[in-house]
Amino acid sequence: MNTVNSSVRDGIEIIAISNPPVNALSHQVRSELVASVERAASNPDVAGIIILGEGRTFPAGADIREFGRPPKAPWLPEVCNRIEAVQKPILAAIHGTALGGGLEIAAACHFRIADSNAQVGFPEINLGLLPGAGGTQRATRLCGVQPALDLMLSGKPINSSKAAEIGLIDEVAWRDLLPEAESFLRSRVSRSEPVRRSRDAWKDSLSGVEAESALLNCRKSIAGKPHALPAQIRIVECVEAATKVNFFDGLAKERRLFSECLASPQSSALRHVFFAERKAAKFPGMESASVRTVREIGVIGGGTMGSAIAVACLQSGFRVVLVERDAEQLGRATRRIDAVLEAAVAKGFLPERKKSEMLASLEPATDFRSVIDSDIVVEAVFEDFSVKHRLFAALEAVAKPDAILASNTSYLDINELGGSLDHPERFLGLHFFAPANRMRLLEVVVGDRTNPDTVATSLAFAKKLGKIPVRSGVCEGFIGNRILTAYREACDLMLLDGATPFQIDGAMRGFGMKMGPYETMDLSGLDISWSRRKRLKLARDSRLRYCGLADKLCERGRFGRKTGMGFYVYGENGESRPDEDVTSLLEEIRVETGCSGRSFGNEEIRNRAIAAKVNEAAKIIDEGIASRPSDVDVVEIHGYGFPRWLGGPMKCADEMGLGLLLANIGEYAKTDALFWEPSTLLSKLAIDGSSFDDLN
Ligand code: T1G
């Protein structure tokens with residue numbers, strides 16, 4: 001099956017790339033493309049060439065799946081150089097998203113036209129890479145130092161108008177791309193102009209003070225970042241080369257630096273995450289499932305979570321029926337929604353008109369029978385089993401027969417919650433993460449009797465919301481919160497043995513976590529987990545050492561930021577500082593529990609914290625709660641601030657080596673055998689010399 005098809009029309013050869021879904025520049029595409037271009041160039045009946053993408057987009061980049069394997073000629077830089085070297089004018093007709101290597105192919109063409117909805121960009125930095133097929137050299141020559149740096153370091157695409165403004169493309173096709181592209185090319189052919197190559201382009205802005213200061217400012221900004229990617233500084237070096245050395249020397253530098261980035265652990269981790277995010281929504285049993293149409297969402301409960309879920313649905317084009325128990329609560333909820341949308345308008349993210357349309361799609365109600373036509377009904381009421389249980393019984397009586405009933409619970413048992421429903425097959429958990437209108441992670445918690453259509457429809461709904469859905473089975477805390485509990489317990493054990501909350505937070509921030517465990521608890525509120533710990537206290541195994549510092553803080557009304565004190569003391573402007581009283585409390589606890597304090601280094605803190613996450617995750621995978629290790633990575637990165645450039649805890653564990661990880665756990669188990677009981681799966685993989693990635 002060809003991935004490149006050609007046709008000639010009145011002396012213009014149109015070369016169409018067809019490699020769905022995104023026309024990635026695979027080895028086959030590269031081979032067929034360069035052969036087609038050179039064949040057209042040698043055809044005396046062809047005066048000009050147009051390259052375009054069939055289907056939804058111009059090529060969206062190199063084929064990321066080929067990275068990490070031996071590269072196969074023709075390499076993309078070579079393809080670009082050979083396209084650019086052709087003596088006849090070549091035009092790139094861009095639609096969709098011309099990204100990465102796709103934009104590099106376009107830059108190697110002699111002319112570029114994009115339709116008004118097209119986006120172009122260099123997202124390589126999101127993969128820990130840099131444009132490695134001439135993009136740093138050609139784009140800098142076409143649009144200057146600052147625009148090139150902005151494009152490559154942000155990784156964000158720009159629209160075709162902006163691309164034309166900075167010189168990356170020649171024109172925007174406002175009506176119909178191909179006819180306008182043909183007309184543009186024919187006009188160039190008729191003038192018999194020599195071909196214009198990007199490599200020969202030059203802008204005055206490329207040299208002198210403006211360029212120097214742009215490069216210097218960039219270097220300073222990157223130097224100030226604690227976890228800058230290797231690719232960031234190398235992009236600056238490549239852009240600088242484009243202003244200082246000849247094109248082919250610049251290409252050689254770009255190739256060398258690209259190879260360094262490709263070999264970096266950060267790029268390996270980021271490419272792992274790219275595919276992990278897309279794989280998460282796929283799991284066995286969905287092949288025969290059918291996706292039902294979803295137009296209206298019923299949201300029961302307009303508190304912080306419920307109103308944010310309503311906003312997420314409104315922003316994605318759904319009708320929303322928002323139900324609160326009385327007019328006062330309902331008024332608060334609708335004001336909360338209006339405020340969120342107004343803030344987006346104020347920041348220029350949302351046109352005023354769109355806000356009005358969204359609010360017109362919102363139906364506030366105090367009678368939950370208003371959800372009678374809703375396709376999915378999500379409850380976000382008080383996190384209490386009996387409240388939710390009663391609500392679902394009532395909902396089942398009013399919701400339409402094929403409506404999906406979903407709970408936003410963060411840890412209650414979905415099987416028990418839906419157990420008394422007449423139709424539990426249409427019931428499941430949709431665990432949103434706060435703030436629900438921004439956080440992309442959504443745990444789709446599948447009950448024992450949830451049927452595949454319900455799951456498939458919920459996954460499609462999640463994707464339409466722009467979420468990254470991850471399937472979870474039913475257990476206490478599902479995937480993310482169960483790992484969080486283990487992580488916190490491991491940190492608490494370190495408190496008993498001599499570490500302080502402030503030291504642990506500092507160590508985990510230094511590792512790259514957005515926040516440490518104790519500052520996170522202060523932010524979310526110590527009282528939430530306190531009520532859960534009290535609920536579980538009787539079930540707690542007395543053989544497990546228990547710190548109890550958080551309980552003592554709660555007993556003193558120190559619930560965290562919301563009370564001005566938790567593990568930290570908070571100033572009026574929200575600034576936080578460690579509190580000596582907490583350290584004294586900890587000393588008392590150590591004396592009570594007979595624990596002698598010792599010092600902890602940052603590396604040991606991090607190793608213990610990651611080991612706890614990985615060990616619990618391995619149990620979760622072994623129990624079938626998570627479908628695969630990479631799903632855990634996605635949950636941790638998108639829900640709990642795990643550094644994306646490390647790929648997630650399971651990727652980290654593979655990088656560390658499961659044998660070493662297991663040995664560490666064996667060492668920790670000497671003082672806390674029960675907590676540090678190694679997962680059977682982890683032990684098996686370590687002994688077999690396998691990795692978690694082998695299970696992805
Ligand atoms: N290579 C291989 N597969 C890709 C791919 C790519 N570049 N881009 C997407 N896919 C697959 C993806 O895995 C999924 O597969 C399907 O296409 C739909 O993707 C040398 C080094 C284009 C904005 O980084 O940003 O060029 O799950 O679910 O939400 O300088 O895909 O169906 O089996 O994301 O509509 C640079 C990455 C590469 C762009 C479309 N390019 N892709 O989003 O669909 S490096 C990128 C995207 C490079 C050169 C450098 C998005 C999209 P499956 P999707 P979408």
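Ala-16 stands opposite Leu-52 in strand E3. Start there with me. Two strands pair if DSSP finds at least two bridges between them. Strands (E, at least two residues) and helices (H or I, at least four) are DSSP runs, numbered from the N terminus.

A word on the source. This is a predicted model, where local features need pLDDT of at least 70, side-chain atom pairs count only at pLDDT 80 or more, and totals for chains, interfaces and linings use all residues. Residues are numbered from 1 along each chain as its sequence is written, and side-chain values use heavy atoms, without hydrogens and water.

Now the sheet. It is open, with six strands in the order E1-E2-E3-E4-E6-E9 and mixed pairing. E1 (4-9) and E9 (171-173) stand at the edges with a single partner strand each, so one side of each has no neighbour in the sheet. Neighbouring strands are turned by 25° against each other on average, direction ignored. Axes are lines fitted to C-alpha atoms, for helices over the stretch in contact, and angles run from 0 to 180 degrees between N-to-C directions.

What lies across these strands? Helix H7, residues 177-190, lies across E1, E2, E3, E4 (90-94), E6 (111-115) and E9, at about 160° to E6. Contact means heavy atoms within 4.5 Å.

Last stop: Leu-341, in helix H13, residues 327-346. Buried or exposed? Leu-341 is buried, at 0% relative accessibility. Buried means under 20% relative accessible area, exposed over 50%, partly exposed in between (1.4 Å probe, protein chains only). Leu-341 touches Val-311, Gln-315, Leu-350, Lys-355, Met-358 and Leu-359, leaving out residues up to four places away in sequence.
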